[in-house]
Amino acid sequence: MTILKENLPVGLCSDHAGFELKGIIEGYLESKGIPYKDFGTFGTESCDYPDFAHPCAEAVEAGEVYPGIAICGTGNGIGMTLNKHQGIRAALCWQPELARLARAHNDANVLVLPGRFIEPEVALECVDTFLSTEFEGGRHQRRIDKMPVKK
């Protein structure tokens with residue numbers, strides 16, 4: 001099973017602290033034949049994660065990419081930014097079991113990784129788990145339906 005959607009690339013974004021890990025993930029996706037769209041950053045020079053998180057989130061919401069993977073130093077800042085978007089359910093994961101539960105129970109559509117606090121091998125396990133876990137639905141759907149802020 002996979003959550004990948006036919007003809008849709010995975011969306012990737014990071015800041016400078018996540019740039020190296022993003023490159024490792026790109027290589028992993030390429031080795032699996034999984035297309036991706038890189039929203040940046042494109043180097044290690046200090047930058048602001050919202051500049052890359054917002055375009056990635058907008059592309060996920062618009063159905064242009066699915067799912068997303070985002071990385072900053074702790075994962076907190078980029079995750080907070082992504083979750084400002086009503087259609088985004090970004091989950092900060094540092095263990096494969098968290099990635100599995102984020103998909104199975106929360107229908108997370110963006111995996112967030114803490115670039116400075118996760119080994120590349122574990123990050124790739126999280127990516128693989130996230131991409132291969134389906135949403136369980138059922139009682140969890142009721143909770144997902146209650147997430148958006150209603151005005």
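Modeller: Two strands pair if DSSP finds at least two bridges between them, and strands (E, at least two residues) and helices (H or I, at least four) are DSSP runs numbered from the N terminus. This is a predicted model, in which local features need pLDDT of at least 70, side-chain atom pairs count only at pLDDT 80 or more, and totals for chains, interfaces and linings use all residues. Residues are numbered from 1 along each chain as its sequence is written, and side-chain values use heavy atoms, with hydrogens and water left out.

Colleague: How do you know that strand β4 is joined to β5?

Modeller: Strand β4 (residues 90-92) and β5 run parallel and are joined by 3 bridges, which meets the requirement of at least two, so they pair. Within β5, Leu 111 is the bridge partner of Ala 91, and Ile 69 also stands opposite Leu 111.

Colleague: What makes β3 largely enclosed?

Modeller: Because 5 of its 5 residues are buried, β3 is largely enclosed by the rest of the structure; buried means under 20% relative accessible area, exposed over 50%, and partly exposed in between (1.4 Å probe, protein chains only). Gly 68, Ala 70 and Cys 72 point one way from β3, whereas Ile 69 and Ile 71 point the other way.

Colleague: Why is Arg 143 called partly exposed?

Modeller: Its relative accessible area is 42%, which lies between 20% and 50%, and therefore the label applies. Arg 143 is found in helix α6 (residues 139-145).
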